[in-house]
Amino acid sequence: MVWAECVDENAPNIRTRKKSSLIFLCAASIFSLGCPLDAQAGERESSTADATHNDALSNGPAESANSEAPARVGETSPSLLTATQVLDQSQAELADVGVRAERARWVNNTYITDDTDIIVELANMEEMQAQLKWAKAAARFDEVELPEETRRMLGFLKSDVTLPPPSREDGALRLSGLASTLSSLYARGQGRLDGKPIGGTEIEAAMTSVRDPEKLQEMWTSWHDLVGRPMKEDYAELVKVANDGAHELGFADVGELWRSGYDMPPEEFREMLDRLWEETKPLYVQMHCYVRSELAERYGREVQKDEGAIRSDLLANMWAQEWGNLYDIVKPEGAGYIGYKVADLLKEKNFEPIGMAKTAEAFFGSLGFEQLPETFWRRSMFTKPRDREVLCHGLGLVIDEVADARIKMCMRVSDDSFSFVHHEIGHLYYYMAYSGQPKLYRRGANDGFHEAIGDMVQLSITPDYLTKIGLLEPSRMPADDKDVGLLLRQALDKVSLLPFALATDRWRWGVFDGSIVPADYQKNWDDLRLRYQGIKPPVARPADAFDPGAKYHVATVGPYSNYFVARILQFQFYKAACDLSGWKGPLHRCSFYGSKEVGVRLKQMLAMGRSKPWPEALKAFTGSREMSAAPMLEYFAPLQKWLIEKNKGKDCGWY
């Protein structure tokens with residue numbers, strides 16, 4: 001069974017950049033990039049606009065991101081006409097700038113040097129400047145009566161800026177520099193094992209397999225001390241600078257900006273997450289209770305008590321976000337061995353990484369999707385090169401937003417890589433499906449949809465699927481009495497991420513709104529992790545620690561609620577696909593491989609991008625407009641019943 005979730009992989013030892021040269025080059029880039037952008041904006045004005053508005057607008061948003069002109073949107077009062085012009089020009093410019101930035105990021109991620117570090121910083125800054133310029137232009141229309149679709153697209157111009165720089169002279173440069181510093185500190189970070197330095201990718205792998213609690217504590221503590229702690233001051237400054245930018249766009253803070261991209265008021269989005277968590281929390285509490293007992297049995301109660309919080313470094317993951325690597329410790333007696341490992345099946349058939357990618361492509365082909373473009377096989381990075389530093393964190397993207405599809409992975413012939421490549425190719429088909437939409441609609445229906453599509457496909461990698469593609473002999477199909485083991489292996493990854501995602505973004509929302517101050521960063525992080533996850537650090541953490549920075553998505557300042565949303569949506573999508581395919585058995589054993597009906601409906605939803613509010617996209621595939629945890633709970637119902645029986649007489653919970 002391949003039921004695994006992607007994990008963060010890191011490329012250590014990114015070279016330290018020369019700051020003085022960088023500042024000089026960045027300053028030069030602002031000057032040199034300004035004229036081409038002005039010219040491009042002038043050339044792209046809408047042919048339907050009158051000359052007066054064209055002249056006014058070309059002197060507005062096309063100017064440097066650090067001027068006040070974008071906020072004026074010309075010399076005339078904002079109107080539907082000027083709003084239309086802003087949308088026309090912004091989409092043309094952002095498409096061009098975005099492609100250049102994606103190419104720079106690709107080169108840097110797959111060939112990390114001092115030079116490519118600087119190149120990507122310049123490209124990121126150019127993109128940030130363009131986003132800020134048009135976000136400010138869009139904010140000018142906040143009080144103007146406009147058609148609903150125009151209002152929605154202008155809203156995307158504002159909310160798509162994950163880190164909005166303020167318009168002061170050094171705003172974009174300072175924010176870009178802080179973001180790059182944090183990312184670089186993470187990427188070249190190291191921990192310690194047996195007193196020796198160990199890089200990010202290696203320490204993450206070691207955390208999954210080492211079963212010595214002293215070594216686990218050493219790795220956990222060194223990674224959080226050496227990677228997270230040095231970021232604290234820069235992170236606090238980044239929060240201040242980005243919040244200044246968010247204020248200029250009309251948001252209370254960056255957290256509100258992040259929550260505004262879900263076709264609902266930010267507070268309503270927060271309430272929706274709370275509702276979904278309350279629906280799924282009973283399942284998590286039962287799993288936590290069972291895992292805690294098994295860890296106490298394995299390590300002894302002097303290491304892990306059979307009550308209260310779980311020591312986070314014992315959960316076989318640096319961040320205790322996914323617990324699937326614990327399966328060898330917690331697997332149910334008699335129900336844990338399913339008769340095969342996918343990695344062994346792949347090796348028996350002499351699979352290489354390319355062959356695994358072709359198998360994932362064939363999954364979508366069985367649904368009626370076309371083959372990936374030929375350039376995909378020449379331009380992707382499937383394995384870790386031996387001759388250079390790369391960032392292994394898995395990624396699927398279409399660089400030109402049309403057909404230049406690629407994945408970046410450090411694949412091995414393993415269960416995880418086989419599952420993950422199906423996930424990443426799912427991203428590619430989503431990107432290409434909505435490539436005909438206007439630029440501002442070329443995204444998932446909401447930020448959780450993209451991840452959910454890939455995860456839905458991973459759920460379909462069942463024994464039935466492995467049999468259909470010839471990897472598993474029918475005689476080796478696991479019997480029904482193995483289902484609890486299979487479901488526990490899934491839940492250890494799928495369910496455990498929910499409270500981690502909530503705690504991570506709850507912490508950041510508090511940091512951004514000022515309710516969590518720098519002096520209390522660590523205390524509040526520990527408190528939220530205890531509240532939601534029921535975990536605690538292996539050692540007491542000092543007040544000046546900065547453990548959040550030891551997580552990739554915090555260091556690179558990426559929202560995490562989308563992963564929570566994706567965890568819920570994937571089961572809704574999966575159940576809908578299984579129903580469409582005519583599956584009649586237990587939900588967790590379904591594979592919709594080969595269903596053309598699923599393919600037709602899936603294409604319809606994917607092609608929408610975010611041209612309609614996400615409830616409409618959800619309804620197009622599932623028939624429901626409401627996000628619900630019911631399919632996830634149906635999927636894990638046999639496991640939950642078993643856990644409740646196993647936990648009888650135990651004091652479940654951690655307070």
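User: Is the disulfide of Cys578 and Cys590 left-handed or right-handed?
Analyst: This is a predicted model, where local features need pLDDT of at least 70, side-chain atom pairs count only at pLDDT 80 or more, and totals for chains, interfaces and linings use all residues. Residues are numbered from 1 along each chain as its sequence is written, and side-chain values use heavy atoms, with hydrogens and water left out. The torsion about the S-S bond of Cys578 and Cys590 is about -105 degrees, so the link is left-handed.

User: How many residues apart in sequence are the parts that Cys578 and Cys590 tie together?
Analyst: Helices (H or I, at least four residues) and strands (E, at least two) are DSSP runs, numbered from the N terminus. Cys578 lies in helix H24 (residues 561-581). Cys590 lies in the loop between H24 and helix H25 (596-607), so the separation is twelve residues.

User: Is Cys590 buried or exposed?
Analyst: Buried means under 20% relative accessible area, exposed over 50%, and partly exposed in between (1.4 Å probe, protein chains only). Cys590 has a relative accessible area of 0%, so Cys590 is buried.

User: How many disulfides does a search of the whole structure find?
Analyst: The rule is a pair of cysteine sulfur atoms within 2.5 Å. Cys578 and Cys590 meet it, S to S 2.0 Å. Numbered in sequence order, the bonded cysteines pair 1-6, 2-3, 4-5. The search finds three.

User: How many residues apart are Cys289 and Cys652?
Analyst: These two form a disulfide, S to S 2.2 Å. With -75 degrees about the S-S bond, their link is left-handed. Cys289 is in helix H12 and Cys652 in the segment after helix H28 (637-646), distant parts of the chain with a separation of 363 residues.

User: Where does Cys410 lie?
Analyst: Cys410 is joined to Cys392, with the sulfur atoms 2.0 Å apart. Cys392 lies in the loop between helix H16 (374-379) and strand E4 (395-398). Cys410 lies in the loop between strand E5 (405-408) and helix H17 (415-433).

User: At which residue in helix H12 does the kink lie?
Analyst: The bend at a residue is the angle between axes fitted to the seven residues ending there and the seven starting there. In H12 (residues 266-299) a bend of about 45 degrees comes shortly before the proline Pro282. The kink lies at Thr280.

User: Why is the pair of Tyr186 and Trp223 classed as it is, and what is the class?
Analyst: Rings of Phe, Tyr and Trp (its six-membered ring) pair if their centres lie within 6.5 Å; planes under 30 degrees apart count as stacked, over 60 as edge-to-face and the rest as tilted. By this rule there are 39 aromatic pairs. Tyr186 and Trp223 have centres 5.6 Å apart and planes at 90 degrees, so the pair is edge-to-face.

User: Which helix holds Trp223?
Analyst: Tyr186 lies in helix H7 (residues 171-187), and the pair ties together parts 37 residues apart in sequence. Trp223 lies in residues 213-228, helix H9.

User: Which lysine lies over the face of Trp377?
Analyst: A charge sits over a ring if NZ of Lys or CZ of Arg is within 6 Å of the ring centre and within 35 degrees of the ring normal. At 3.9 Å from the ring centre of Trp377, the residue is Lys358.
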